[in-house]
Amino acid sequence: MNPPQLSLRTKLILSFLVVIIFGGLISLIIGWRIVKNTLISQAQLKVKHDLSAAWMVFNERLNDIKDIIALTSARESLHQALQEKRQDILLKYLQRVRQGYALDFLNLTDARGQVVIRTRNPAHTGDDQSNDELVSRALQGVTVAAPQIIPRKELLKEGPDLAERAKMKILPTPKAAPREENIETRGMVLKAAAPLIDESGQILGALYGGLLLNRNYEIVDRVKGIVYKDEKYKGREIGTATIFQHDLRISTNVRNKDGSRAIGTRVSREVSQAVLKEGQPWIDRAFVVNDWYITAYEPIRNIEGRIIGMLYVGMLEKPYLDTTNRVMLTFTGMASLCVVVLLIILYFSTTRIINPLQKMVTATQWIAQGDLSHKVDVTSSDEIGQLAASFNVMVDNLKEANRKLIEWGKTLEKKVEERTKELCAMQAHLIQSEKLASLGKLAAGIAHEINNPLGGILIYSHLLLEDTDKNSPHYENLKKIVKETARCKEIVKRLLEFARPKEPEFTLIDINEIVEKSLSIVERQVLFQNIKIIKDYDPHLPRTVADGAQLQQVFTNIIINAAEAMNGQGTLTIKTYRDPEDKYLHISFADTGHGISEEDKRRIFEPFFTTKEVGQGTGLGLAISYSIIQKHQGTIEVISQPQEGATFIVKLPIRKDGDEEKT
Ligand SMILES: Nc1ncnc2c1ncn2[C@@H]1O[C@H](COP(=O)(O)OP(=O)(O)OP(=O)(O)O)[C@@H](O)[C@H]1O
Ligand SMILES: [Mg+2]
């Protein structure tokens, strides 16, 4: 089965459509990627700046604590009270400081690192803090501040409430790395420690204090307030900040689905790997609790530089995605509109191309069916117009060629007809000549044999007649014998004339003159008395080379025949003229006699053919005339219908040269 044939228009539109849709799709994909990447990279840049802001807040708080500790440790009254072991004064003073500056703990050790004052839990003193990294540095005379992880045992010393605040269940979180323990008991603190140095420069002890970050939202909420100004998107916070203790959210404003803070949830596995294990900052999209965020994470290090957690800020990805989608939707809409407009334009422009083509197809179909009168009616001056014009020219040429072919056909037919006629005439002529030749031979033989005896009979009968008395009964009989013998002699003479014709003697003659001479011989006969003779001679007829006497014999014979056919009454029209090609002289004799039948017409030039009564004609007149004209290289034609008269036309070649000797 053949595949269905698509029209040219459909093919054109389909191919354009494929190009447009393909191009459209590619530009859509590229456009979408560009828009998305631009927006997302802008968002990532913003988040990076936001993380710097978060660090500022974080470090500011740490420095606050450091300043408080440093300033407090420098107070001389504190030195004095420590030296005098005035526990009550120390406790009261330091408790005021802790409450005044909202610290979670504030402790004082002696020079060996033994806790002397524990403001939050005054009952618990005497433990050794000299192993603590910060305290030991303070005891060496340096004021330090850093984030630190504190085990539950140490937290408990500060108070069970603080240990409880730090303790949190590790919640199962999508995309987080698995973790064996399901409870975290340690806490992360911002801690500072400073030495107490007396006037002589001796280190009396160390003052250290800090802030437990677990479930303390002060820093993260400040970050959010400063950076994101509490912006919301569809009821959800756009910006979030988190402090991680290792991979665990201990302080955050990322919310669970129920709206509670996502404390106890964990960071995704890939972020944990990059930031906690490899110490790299992470700036990318990340899955946070239950949504995608554009995020920035950086490790939080303790005083020794070890990674103990992460600081995070992030923005909801959704607003950016929605913006991207909106842009893309507008873009797609515009592209679709362009496609529709293009298709409409395409439809009309293909119509402009297809219509003339269709006209040409129709025209070719007409022409294929043989109708060459069809033309393509296209007036445009573009390639199609040129094609149509060439097509029309081609049709014209085809028409002309066709016309010529038909004409040639006709001419050929006519020529074949003419040639056939000529051939038939020539054939008839040949037959006639043959007949005449054989008859002539026979007649000549007989004539020769009887000519001499006839001569004898005529002489002796003549002598007898002369010697016989007119009254003798034999006289009349002898007279008849002499007359009939003379007639026989005449017939034999004519026969010999026919059989052994004399060679013509050519001289330059005037045909009109010869015709006149012929007429003058017969005109006075009784037979011509009631015959009207019309003469229509061409006065400018050229003279020609011929035997005048022989021609006169021919013309006389024809004129007598005509008079006999008209029975002595009628009109004889004699005309001389030239043929249009100026090669022959024509002498026509038209009578109004009884005419000649078709059958007789074929035989009149035969010797002895006569329709006249016995004794009236020999039937040799036309036979002799024929052979004379033949010797002149001319012809005799007969035009006749029975009862409508007859016309004899003698045609003689015009010869002006002196070549009579040759013929
Ligand atoms: N003008 C004519 N009209 C009708 N028939 C003619 C005419 N001329 C000749 N014929 C016919 O042709 C025949 C032959 O003519 P042709 O001159 O050869 O012989 P003829 O006239 O019969 O005898 P001859 O001429 O020997 O005395 C005639 O007998 C006649 O029948
Ligand atoms: Mg005759």
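Ala, Val, Leu, Ile, Met, Phe, Trp, Tyr, Cys and Pro count as nonpolar, Asp, Glu, Lys and Arg as charged, and the others, Gly among them, as polar. This is a predicted model: local features need pLDDT of at least 70, side-chain atom pairs count only at pLDDT 80 or more, and totals for chains, interfaces and linings use all residues. Residues are numbered from 1 along each chain as written, with chains lettered from A and ligands numbered from 1 in the order written.

**Exercise 1.** Describe the shell around ligand 1.

*Solution.* Step one: count. The ligand is surrounded by 21 residues (C-beta, placed from the backbone, within 6 Å). The closest are Asn561, Ala565, Thr610, Gly617 and Gly621. Step two: sort by class. Nine are nonpolar, ten polar and two charged. Step three: assign helices (DSSP runs of H or I, at least four residues, numbered from the N terminus). H13 (548–565) and H15 (621–631) each supply at least two residues. H13 gives the most, with four.

**Exercise 2.** Work out how H1 and H9 are arranged.

*Solution.* Take the axes, lines fitted to C-alpha atoms over the stretch in contact; angles run from 0 to 180 degrees between N-to-C directions. H1 (residues 8–73) and H9 (residues 318–368) come within 9 Å and cross at roughly 160 degrees. The pair is therefore roughly antiparallel (over 145 degrees). By class, their contact has 21 nonpolar, six polar and two charged residues.

**Exercise 3.** Judge the confidence of the chain.

*Solution.* Start with pLDDT, the predictor's confidence in each residue, from 0 to 100. Its mean is 89, and 98% of residues reach 70 or more. Over residues 659–663 it is below 50. Where pLDDT is low, the predicted coordinates should not be read in detail.

Notes. Parallel < 35°, antiparallel > 145°, perpendicular 65-115°, else oblique. Contact = placed C-beta atoms within 7 Å.
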